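Here are my notes on this model, for your reading alongside the coordinates. Please check each point against the structure as you go.

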Amino acid sequence: TKAGPADQIMVAYAREQAADLASATRSFPNFTVAASLDVGTGAGKRLRYDSLFKVFQDLSEAGNVDFQIVRINDNNLRLIVAPIGIDRTQTRNYPFAPFVRLDPARGNLEDPSLLLDRREEQNYVYALGQGANENRILAELSGLGIGDSPYNRIEFKIDVRRALRNETNTLLTSARSELADKRAVKEFTFKPSGTEPGNIYRQDWDIGDKITAAWDNVQIDLRVIEVELRVDSSGEDINVKLEEQYE
């Protein structure tokens with residue numbers, strides 16, 4: 001059972017299950033865990049025999065932090081739990097700081113594809129904790145999209161009976177994770193040539209960055225969540241995927 005900033009919880013779990021605080025048979029060699037910066041959203045978990053990677057995925061999304069394993073030298077690896085990327089959106093930076101806006105009208109966006117899928121959307125959750133019948137502990141939380149129209153409140157419930165009566169953070173963490181999973185899908189893809197001004201990978205934006213994309217009458221702030229590079233005899237091909245993320 002743990003509570004606190006999401007990155008603090010992730011660091012503690014990693015050390016206890018796979019690094020210096022784990023048993024000799026479960027501790028990975030040449031593997032260290034960087035100290036947490038306590039920058040994640042407050043969270044709580046009460047777990048036993050769960051997949052550590054799945055726990056990290058849930059806490060990462062619910063706690064607004066990222067995680068990566070990097071090679072520091074030779075065959076030594078280190079787990080780092082901290083936000084990745086920079087907010088380069090027009091919304092955050094205009095008019096006082098540089099921003100990234102991808103727009104065919106600016107000549108820096110080719111082959112755009114926008115997917116808006118609300119078929120599985122749910123955006124208001126009732127998280128039920130311990131207790132009997134009407135005495136169960138209850139946490140309510142709303143997510144992205146609930147205000148998109150007067151008719152867009154879509155409710156659902158989750159069972160978090162493993163959370164003890166005083167573990168509010170555990171209820172809220174589960175609620176945020178489920179809201180993230182059930183949000184409307186907003187994905188934007190494009191194929192940069194590597195020469196468009198203001199749209200050059202690792203110069204104008206990088207993995208984890210948030211940028212603004214515009215196309216026809218749509219303007220949306222999205223995060224770069226995937227960059228796929230393919231290199232062959234004909235040259236280099238880059239595919240990029242952006243997505244709206246829960247915060």
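1. Helix α4 buries Thr-170, Leu-171, Thr-173, Ser-174, Ala-175, Arg-176, Ser-177, Leu-179 and Ala-180. Buried means under 20% relative accessible area, exposed over 50%, and partly exposed in between, with a 1.4 Å probe and protein chains only. Helices (H or I, at least four residues) and strands (E, at least two) are DSSP runs, numbered from the N terminus. The buried residues of α4 pack against β3, α2, β8, β9 and β10. Contact here means heavy atoms within 4.5 Å.

2. A word on the source. This is a predicted model, in which local features need pLDDT of at least 70 and side-chain atom pairs count only at pLDDT 80 or more, while totals for chains, interfaces and linings use all residues. Residues are numbered from 1 along each chain as its sequence is written, and side-chain values use heavy atoms, with hydrogens and water left out.

3. Length of α4. The helix has 15 residues, and 21 Å separates its first C-alpha from its last. That is close to the 21 Å expected at 1.5 Å a residue. The expected span is 1.5 Å times one less than the number of residues.

4. Three strands form an open sheet in the order β9-β8-β10, with mixed pairing. Two strands pair if DSSP finds at least two bridges between them. β9 (138-142) and β10 (155-159) are the edge strands, each pairing on one side only. From one strand to the next, the twist averages 20°. Strand β8 (residues 124-128) and β9 run antiparallel, joined by five bridges. Tyr-126 stands opposite Glu-140 in β9.

5. How does α4 (residues 168-182) lie relative to β9? The helix lies across β8, β9 and β10, and runs at about 35° to β9. Axes are lines fitted to C-alpha atoms, for helices over the stretch in contact, and angles run from 0 to 180 degrees between N-to-C directions.

6. Helix α1. Its end C-alpha atoms are 18 Å apart, which agrees with the 18 Å that 13 residues should span at 1.5 Å a residue. Its buried residues are Ala-6, Asp-7, Ile-9, Met-10, Val-11, Tyr-13, Ala-14 and Ala-18. They pack against β1 (2-5), β2, β3 (42-45), α2, β4 (67-73) and β5.

7. The largest nonpolar core has 17 residues. A nonpolar core is a set of buried Ala, Val, Leu, Ile, Met, Phe, Trp, Tyr and Cys residues joined through side-chain atoms within 4.5 Å. Met-10, Phe-31, Val-33, Phe-56, Leu-59, Leu-79 and Val-81 touch the most other members. Two or more residues come from each of α1 (6-18), β2 (31-33), α2 (52-63) and β5 (76-81). α1 gives the most, with seven residues. A second, separate core of 14 residues includes Leu-102, Ile-220, Val-224 and Leu-242. In soluble globular proteins, nonpolar side chains tend to be buried together.

8. Which residues does Met-10 contact, leaving aside neighbours within four places in sequence? Met-10 is in contact with Phe-56, Leu-59, Ser-60, Val-65, Phe-67 and Val-81.

9. Salt bridges. The count comes to 20, taking a side-chain nitrogen of Lys or Arg within 4 Å of a carboxyl oxygen of Asp or Glu. Lys-54 pairs with Asp-58, with the closest N and O atoms 2.9 Å apart. These two are four residues apart in helix α2, so about one helical turn separates them. Lys-54 is partly exposed at 42% relative accessible area, whereas Asp-58 is buried at 15%.

10. Further salt bridges. Asp-103 bridges to Arg-101, with the closest N and O atoms 3.1 Å apart; both residues are buried. Arg-153 bridges to Glu-155, at 2.7 Å between the closest N and O atoms. Arg-153 is partly exposed, at 43% relative accessible area, and Glu-155 is partly exposed, at 40%. A network of salt bridges links Glu-61, Arg-183 and Glu-243.

11. The chain overall. The protein chain has four helices and 14 strands. Of its 247 residues, 38% are buried. Its C-alpha atoms fill a box of roughly 60 × 55 × 35 Å, taken along the principal axes. Among contacts between residues at least 6 apart in sequence, 63% join residues at least 24 apart.
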